[in-house]
Amino acid sequence: MFRRVIMTVLFAGICASAIASDFTLQRLQCEYMVRPLGIDAVQPRFTWQMATPNQPAKQVAFVIRLAADSTTLASQPSFTSEKIQSGQQLFTYNGPTLKPFTKYYWQVQTWDQDGHTHIATSSFETGMVNKNNWKGAWIADRLDIHAKPAPLFRRAFQANKPIKQARAYIAAGGLYELYINGQKISSHQLDPMYTRFDRRTLYVTHDVTTALQQGKNAVGVMLGNGWYNHQSTAVWDFHKAPWRARPTFCMDLRITYTDGTEETIATDRDWRTSLSPVVFNSIYTAEHIDARKIQNGWNTANFDDSKWGGIIYRAAPSMNIVSQVMHPIERVETILPVSMRKINDRQYIFDLGRNISGVSEITLKGDAGTEIRVRHSELLDSAGNIDMSNIDVHYRPTDDKDPFQVDIYTLAGIGTETFSPHFNYKGFQYIEVTSSTPIALTKESVVAYFMHSKVPPIGVISTSQSTLQKLWWATNNAYLSNLFGYPTDCPQREKNGWTGDAHIAVETGLYNFDAITVYEKWLADHRDEQQPNGVLPSIIPTGGWGYEWGNGPDWTSTIAIIPWQVYMFYGDTTLLSRSYEAMKAYVNHITDISPDGITTWGLGDWVPVKSTTPVPFTSTAYYFADATIVAKAAKILGKTGDYIQYSKLANTIKNAFNEKYLDRLNATYGKGQQTEMSVPLYWGLVPNELKSVVAANLAKRVAQDNYHLDVGLLGTKAILNALTENGYDDVAYKVASQKTFPSWGYWVENGATTLWENWPLKAKSDISRNHIMFGEIGAWLYKGIAGIYPDENQAGFKHILLKPYFPADLNDFAVSHEGPYGQISTLFQRNKKVITYQVTIPPNSSATLTFKGIFKSVQMKVDGKLTPVSTQDIALSAGTYQFELK
């Protein structure tokens, strides 16, 4: 038996005590963004971190102040909270109503345990706040949904006084690019984000102060189809979306002059329109550009637009126009080809050396009218040519005018020309360039851009075990490749927001990236899509497809699982509260159609290795998970009656599940296969008295399978966690670190730079090479080896559970994760029979450390000396600690 040791030691580096007053405040955010522009939140959230070189400071109280004038913030704020006695580093504003179009300064003052204080200041700016504050009209050109060219819009105007500041507020049905005086505004791509346009339309705020000038100005807008006017045809019927219309937009350009006066240049009948050189654009397939149609200077003040036409007014896509406050899609990384192969003087193939989501850019010379086709693929065939067969299977073209993932450029013949799509992205590793006439290309003629929602990275893993290192990197590449304002399944074949893929990978995303803004937006999409009876579609957003297939609880449990995980990682109840009624409605619908506690509604353990699990088995497990989360959320939100009701429901489901599937005599579920044994363990369905025996039988089953996977999508979420959480860390590690088929490592050993959709290299179906649905492995590396877990009772890593595991064949493993309170880091190194373990707990948080395994001695370094400690339940406050284990 291990004895419980409670120990609190503060360290600077490793051993010196810290000075409590030696701290600062950092990472001030409003709505999880740094100094955001154009927020509509009437009760914005403020967050901050304590930073100290020695890390022991503990916040015991704080005050928030707010003012529209930075000079009066400290002396005469418009809002001052109470002095709140709390270690919480999250505050939701509850003061006077915020005004629109106003820059606010906010200040946080904190006190530590010794009474020392510190103050830090940041800012945010409100946007429209209310739809009635818009002055612009919704405008479009006079063409219909079948017109192919992208429209241009422009407006020239005079600014007769010196400009102090200017903001552009722009909402669109479709996609837009904004230009002022010939300059493209911002590095954003594919704005605004995809929503159910007829229920919620997003607008974006841009600071355009430096783009304007006193005197003549011109603003230009080019619109793309996006998901709003989808012209390509595929099995998901994007082209039948009920909101479909010719792209449209509304804009207010608000100018504040140095004399304090204001002027708004709004969309109205003074705008002019023409067609762009983008002669076709599809976010799903590709983009076609005819450079001969370029109108040079179209977005500058002196351009002659007398031949342009007038606009028409249009109805707004929806009456719910809200601010897009989230990390934007950008061209985050530039990727240069690793090789180029010249087939002949009209055909070249480039290899990026890795699979990405994004676009290519080509620079070349050629005669006017020369047609350049740029094909993008993940594979080459046996002859080394482009192979699209794994990604074009769901495309249903009506003619040959819209080839899949093939950009088409027609040269203007004006010297060196550079082309890249405006309103599209693709998934690819290989680029084939073909030309209607001979061209001369070099390896430098093509560049690619890795595009995705630019969520800040907050997690890092480093190990000399190359397979695990490559696997972590590949998993992150797959996650980011499938993050475009909502989580998708793949960036080429579908681009769909498959719910099942997303909830499997949510922890991977949250350990590695500050992705809360994307998930909060996506759960709003869920609420927009939910039917009155609680039903959700399997892909979100959707133009209508997905309400009849694939949307059982095993998939659309996103409505409960993602708000819960965001709460666990951030300690913020906002998303739980916003989604609570939708969670209840979904669970209530399953209850209505499954009165005996067993539901048959679902898709099942998708793409298994070989064994199959009955759909009612996995769907009922997720039904139980959803009911359990609703009960927990009810307790957190103070809804006592609901807590009692849904706790009882969860218990009813658990009993029905065990009655149907549990062999109590042999302590097995179903046929005893990996998914059947791991799912009940992971989701908490196994009776307490049988947990250890069921876990032992799972471990035996995995050993029978030669420590290789025999699961599908749902099983991958459960298998490693079920083993790790029940004492079989060694078995989980053997599975996770495998290099032969079937395993994650098998992919990276065969050159994968992202995760794949199927386990065999040459599967006959489900063969995307950039999929996130098997992405739980990325989270397990943080949990199963580093042993870093949030504590449900003090969520947001206010209290951290540390349960590291030291595999016998792993010599080093370093991990860091920046939670709401700061960076949590662990490192172990093996030197012969001695393991050195170091952990850093961020300021104002604490941890409980439990060492797994049997050791002859465990010692902690205190003031340079080793002191014996227990291996279990070591209480740690903020600081850095070092242990030696033998």
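UniProt positions are given here in the numbering of this chain, with feature names shortened, and annotations may be inferred rather than shown by experiment. Residues are numbered from 1 along each chain as its sequence is written, and the model is a predicted one, in which local features need pLDDT of at least 70, side-chain atom pairs count only at pLDDT 80 or more, and totals for chains, interfaces and linings use all residues. Side-chain values use heavy atoms, with hydrogens and water left out.

The unreviewed UniProt entry places "Alpha-L-rhamnosidase concanavalin-like" at residues 341-452, a span that is 52% strand and 0% helix (DSSP runs numbered from the N terminus: helices are H or I, at least four residues; strands are E, at least two). The end C-alpha atoms of this span lie 28 Å apart. The same record lists "Alpha-L-rhamnosidase six-hairpin glycosidase" for residues 458-784; there the chain is 56% helix and 2% strand, with end C-alpha atoms 18 Å apart.

Turning to the interior, a nonpolar core is a set of buried Ala, Val, Leu, Ile, Met, Phe, Trp, Tyr and Cys residues joined through side-chain atoms within 4.5 Å, where buried means under 20% relative accessible area, exposed over 50% and partly exposed in between (1.4 Å probe, protein chains only). The largest such core holds 214 residues, and those touching the most other members include Ile362, Tyr837 and Phe883. Helix α7 (residues 615-636) gives the most to this core, with 12 residues. A second, separate core has 29 residues, among them Phe153 and Leu212.

Aspartate 528, in helix α3 (residues 516-529), counts as buried because its relative accessibility is 14%.
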